[in-house]
Amino acid sequence: MSALANHAFVKMNGLGNEIVIVDTRAETATVTGPQARAVARPKGVPFDQLMVLCPPRASGTAAYVRIYNNDGSESGACGNGMRCVADLLFKETGKRELTFETNAGLIDCWKGDVPLVSTVDMGKPRFAWNEIPLAQKFEDTRAIELQIGPLDKPTLHSPSVVSMGNPHAIFWVDDPDRYDLGKIGPLLEHHPMFPERANISLAQIRSREHIAVRTWERGAGLTMACGSAACAAAVAAARLRRTGRCVTVTLPGGDLRIEWRARDDHVLLTGPVAYEYEGHFDPAIFAESASA
């Protein structure tokens with residue numbers, strides 16, 4: 001029987017980025033990718049990311065958080081998911097600051113002055129081609145040689161690339177809504193340039209303080225909001241000197257505030273979360289998955 005059968009969960013979202021949280025801190029059972037994929041089945045509990053709270057491994061941390069996309073693949077970072085997790089544990093502990101461990105490293109979170117708003121320190125962005133990673137060496141990752149469409153008139157070209165604990169490619173466009181991202185996204189996610197696949201964003205500079213972004217999320221698909229993509233777009237825009245280091249990023253689900261902090265180059269993501277409901281996973285979800 002799956003470790004998640006009959007297990008309690010909390011359904012939340014960050015600007016429509018669908019998050020399911022499972023607390024296994026008091027258990028020895030391990031959640032796997034196939035189990036996460038089973039949860040996302042039509043009769044399960046739809047999510048973009050499944051956040052699994054595991055017993056802390058590092059001193060001073062509240063939990064070790066494993067992050068699964070809805071295709072069962074594991075992710076290193078999820079800014080919206082971490083804000084949901086943090087808000088849940090702020091309530092549990094009464095604390096205003098918490099540190100978590102993820103596969104992308106240690107992540108600090110703190111509670112905002114407004115209810116259901118919190119900030120996540122996403123750490124330093126990485127720009128080296130082999131850290132993102134890319135399949136080909138580029139000295140300057142502010143714009144790499146990559147395009148789709150006709151050679152003489154490409155549909156998209158010259159993306160900025162950056163890692164925020166997961167790989168991102170940002171294509172600069174005049175209007176993100178003009179493109180069929182549901183068709184383009186999966187092609188670019190699996191492009192040979194990205195050996196670990198990539199989050200694909202279309203971004204528009206609206207002013208020195210404002211960016212609009214739509215994202216095809218690696219392993220999850222079209223999303224209302226991707227926190228790490230908002231961070232990646234903000235950093236990439238600042239590197240191109242098209243914005244300052246503090247911007248509002250408008251996503252289909254709403255606005256996030258991003259600061260690329262000058263004193264240590266850490267990226268801070270601030271925004272709201274929402275609670276939807278609590279429940280227990282139906283064991284039939286996993287029985288169907290095992291027989292499929």
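This is a predicted model: local features need pLDDT of at least 70, side-chain atom pairs count only at pLDDT 80 or more; totals for chains, interfaces and linings use all residues.
Figure 1. The side chain of K11 reaches the backbone oxygen of P46 at 3.3 Å. K11 lies in strand β1, which spans residues 8-14. Its relative accessible area is 5%, under the 20% cut-off, so K11 counts as buried. Leaving aside residues up to four places away in sequence, K11 touches E18, I19, V20, V45, P46, Y275, E276 and Y277.

**Figure 2. Helix α4 and the residue R241 just after it.** Helix α4 covers residues 227-239, 13 residues in total. From first C-alpha to last, α4 reaches 19 Å, close to the 18 Å expected at 1.5 Å a residue. The helix is mostly covered, with twelve of its 13 residues buried. Among the buried residues are G227, S228, C231 and V235, as well as alanines including A229, A230 and A238. Just after α4, R241 takes a positive phi of about 60°.

**Figure 3. Hairpin of strands β6 and β7.** Strand β6 (residues 97-102) and strand β7 (residues 105-111) run antiparallel and are joined by six bridges. The hairpin passes from β6 to β7 through two residues. E101 has L106 of β7 as its bridge partner.

**Figure 4. Hairpin of strands β7 and β8.** Strand β8 (residues 117-121) pairs with β7 in the antiparallel sense over four bridges. D108 has D121 of β8 as its bridge partner. Five residues lie between the strands of this hairpin, where L116 takes a positive phi near 65°.

Methods. Residues are numbered from 1 along each chain as its sequence is written. Side-chain values use heavy atoms; hydrogens and water are left out. Buried means under 20% relative accessible area, exposed over 50%, partly exposed in between (1.4 Å probe, protein chains only). A polar contact is a pair of N or O atoms within 3.5 Å; within protein, one must be able to donate a hydrogen and the other to accept it, and residues adjacent in sequence count only if both atoms are side-chain atoms. Contact means heavy atoms within 4.5 Å. The expected span of a helix is 1.5 Å times one less than its number of residues. Two strands pair if DSSP finds at least two bridges between them.
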